[in-house]
Amino acid sequence: MIVITAKTKIKPQKKMAFMELAEKVIAASRKEKDCISYNLYSETDDPNGFLFFEEWKNQEAIESHFRYPHFIDFTTKSKDMMDGDMDINIYDAERKLLDE
């Protein structure tokens, strides 16, 4: 399993448009065959800070996701809504580093 976190800040005047756009990409992404989960969270101390948290079956699922029209539409339209760059991190959730 692959986990992706994508943290961003949205321009205050673009927040509603971002939320509408995010709702569409989340709904469509959750329907993809190898999507395990796809969620958006808001920061507790910044009303314009958001975190996408995604879980995917494997790397091939992510590569497929990046080619879907709903993802391309989201990335294209959301660029001018963001206040800075999105901080994206990808994790291999199959490799456990520490034993419990």
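Lys-7 is partly exposed, with 41% relative accessible area. The value comes from a predicted model. Side chains of opposite charge can pair when their charged atoms come close. Six salt bridges occur in the structure.

One of them joins Lys-7 to Glu-43, with 3.7 Å from N to O. The two partners are 36 residues apart and link distant parts of the chain. Lys-7 belongs to strand β1, which covers residues 2–9. Glu-43 sits in the loop between β2 (35–42) and β3 (49–56).

A salt bridge also forms between Asp-46 and Lys-9. Here the closest N and O atoms are 2.5 Å apart. Asp-46 lies in the loop between β2 and β3, while Lys-9 lies in strand β1, so the pair ties together parts 37 residues apart in sequence. Asp-46 counts as buried, at 16% relative accessibility, because the cut-off for buried is under 20%. Lys-9 is partly exposed, with a relative accessible area of 35%. Lys-7, Lys-9, Glu-43 and Asp-46 are linked in a network of salt bridges.

Helix α3 holds another pair. The helix spans residues 69–78 and contains both Lys-77 and Asp-73. Their side chains meet in a salt bridge, at 3.1 Å from N to O. The two residues are four apart, about one turn of the helix. Lys-77 is partly exposed, at 44% relative accessibility. Asp-73 is also partly exposed, at 31%.

Note on methods: Residues numbered from 1 in each chain as written. Predicted model: local features only at pLDDT ≥ 70, side-chain atom pairs only at ≥ 80, totals over all residues. Heavy atoms only, no water. Salt bridge = Lys/Arg side-chain N within 4 Å of Asp/Glu carboxyl O. Buried < 20%, exposed > 50% of the residue type's maximum accessible area, 1.4 Å probe, protein only.
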